[in-house]
Amino acid sequence: MSENTPTSGISADYAQRITDDLAANRSEQDRARAELTRLQDELIQLEEGEQILVKMQEVLGVAAPAASRSKAVKAAATVPAARSPKAKKASPKGGSTPKPRARTDRQKPAGETGTVKKSGEPTWRELVTGYLADQREPKSAAEVAAALTEAHPQRTTQVTVVRNTLEQGVAHGLLERSKQGRSVYYSPVPAARATGAAAK
């Protein structure tokens with residue numbers, strides 16, 4: 001009898017621990033399911049909001065670049081997933097995966113320089129800084145691109161090129177970046193700061 005008592009006590013302890021762990025596991029599952037449901041609802045709301053914003057862009061007449069960008073982003077997201085098995089097979093060779101990346105990187109500057117090559121035309125930096133210098137309030141990359149498209153219809157204006165140019169202006173101390181919510185706005189650096197940065 002004295003030997004059975006400790007064994008039954010240990011079994012009872014283990015049984016209690018397992019019961020507690022099982023209850024904790026189930027409550028954690030319930031929490032995870034609730035979080036998953038909340039995230040799915042949030043995703044649905046964001047997608048509906050995107051559809052409304054796209055329709056508003058279409059009404060305003062600026063939907064074509066944004067729609068093509070979203071399609072390009074979705075295509076870029078699906079292409080690596082489709083090519084991932086090939087990339088794993090080609091990874092031991094080492095040379096096959098970096099080459100496509102290098103080609104895509106080369107294509108972007110070629111597109112940019114192709115629009116700038118015409119003699120007598122200002123550079124993207126000159127266009128961007130000149131436009132922002134005349135503005136009283138900060139502008140987003142999309143607003144700057146739209147304005148440059150209207151002012152220079154003969155040039156192919158891409159929002160990504162304008163955004164890169166704006167970021168280069170920030171890096172060189174010519175422009176300031178400010179955030180309002182999720183949006184990023186750019187404005188020229190005041191003259192006093194610009195001369196101080198040039199002196200440094």
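Select Ser140 to begin: leaving out residues up to four places away in sequence, Ser140 touches Val184 and Tyr185. This is a predicted model. Ser140 sits in the loop that joins α4 (124-133) to α5 (141-151). Is Ser140 buried or exposed? Its relative accessibility is 15%, so Ser140 counts as buried, the cut-off being under 20%.

**The whole chain**

The protein chain carries 7 helices and 2 strands. Read from the N terminus, the elements run α-α-α-α-α-α-β-β-α. How much of the chain is buried? Of the 200 residues in the protein chain, 14% are buried. Next, the contacts. Take those in the protein chain with a separation of 6 or more: 45% of them come from residues 24 or more positions apart.

**Helix α4**

Select residues 124-133, which form α4. Show side chains for the buried residues of α4: Trp124, Leu127, Val128, Tyr131 and Leu132. Look down the axis of α4: these buried residues fall within an arc of 120 degrees, so they line one face of the helix. The spacing has a simple background. An α-helix has 3.6 residues a turn, so residues three or four places apart point the same way.

Arg155 lies over the face of Trp124, at 4.6 Å from the ring centre. How many aromatic pairs are there in the whole structure? A search finds 0.

**Helix α5**

Move along to residues 141-151, helix α5. Colour its buried residues: Ala141, Val144, Ala145, Ala147 and Leu148. These residues of α5 cover an arc of only 165 degrees around the axis, which puts them on the same side of α5. What do the buried residues of α5 pack against? Show α4, α6 and β2 (183-188) together, and you have the partners.

Now pick Ala151, also in helix α5. Is Ala151 buried or exposed? The relative accessible area of Ala151 is 52%, so Ala151 is exposed, with the threshold set at over 50%. Draw a distance from Ala151 to Leu127, C-alpha to C-alpha. The separation is 9.7 Å, for residues 24 apart along the chain.

**Helix α6**

Select residues 159-171, helix α6. The helix has 13 residues. From first C-alpha to last, α6 reaches 18 Å, close to the 18 Å expected at 1.5 Å a residue. Which residues of α6 are buried? Highlight Val159, Val161, Val162, Thr165, Leu166 and Gly169. They cover an arc of only 160 degrees around the axis, which puts them on the same side of α6.

Two of these residues deserve a stop. Start with Val161, in helix α6. Val161 is buried, at a relative accessible area of 8%. Draw a distance from Val161 to Ala145: the C-alpha atoms are 8.7 Å apart in space, and the residues are 16 apart in sequence. Ala145 is one of the buried residues of α5.

Then go to Thr165, also in helix α6. Thr165 has 8% relative accessibility and counts as buried. Which residues does Thr165 touch, not counting those up to four places away in sequence? Select Trp124, Arg125 and Val128. Among them, Trp124 and Val128 belong to the buried residues of α4. Trp124 is also the residue whose face lies under Arg155.

**Last stop**

Step past the end of α6 and click Gly173. This glycine follows α6 and has a positive phi, near 80 degrees.

Note on methods: Residues are numbered from 1 along each chain as its sequence is written. This is a predicted model: local features need pLDDT of at least 70, side-chain atom pairs count only at pLDDT 80 or more; totals for chains, interfaces and linings use all residues. Side-chain values use heavy atoms; hydrogens and water are left out. Rings of Phe, Tyr and Trp (its six-membered ring) pair if their centres lie within 6.5 Å; planes under 30 degrees apart count as stacked, over 60 as edge-to-face and the rest as tilted. A charge sits over a ring if NZ of Lys or CZ of Arg is within 6 Å of the ring centre and within 35 degrees of the ring normal. Helices (H or I, at least four residues) and strands (E, at least two) are DSSP runs, numbered from the N terminus. The expected span of a helix is 1.5 Å times one less than its number of residues. Buried means under 20% relative accessible area, exposed over 50%, partly exposed in between (1.4 Å probe, protein chains only). The arc is that of the directions from the helix axis to the C-beta atoms. Contact means heavy atoms within 4.5 Å.
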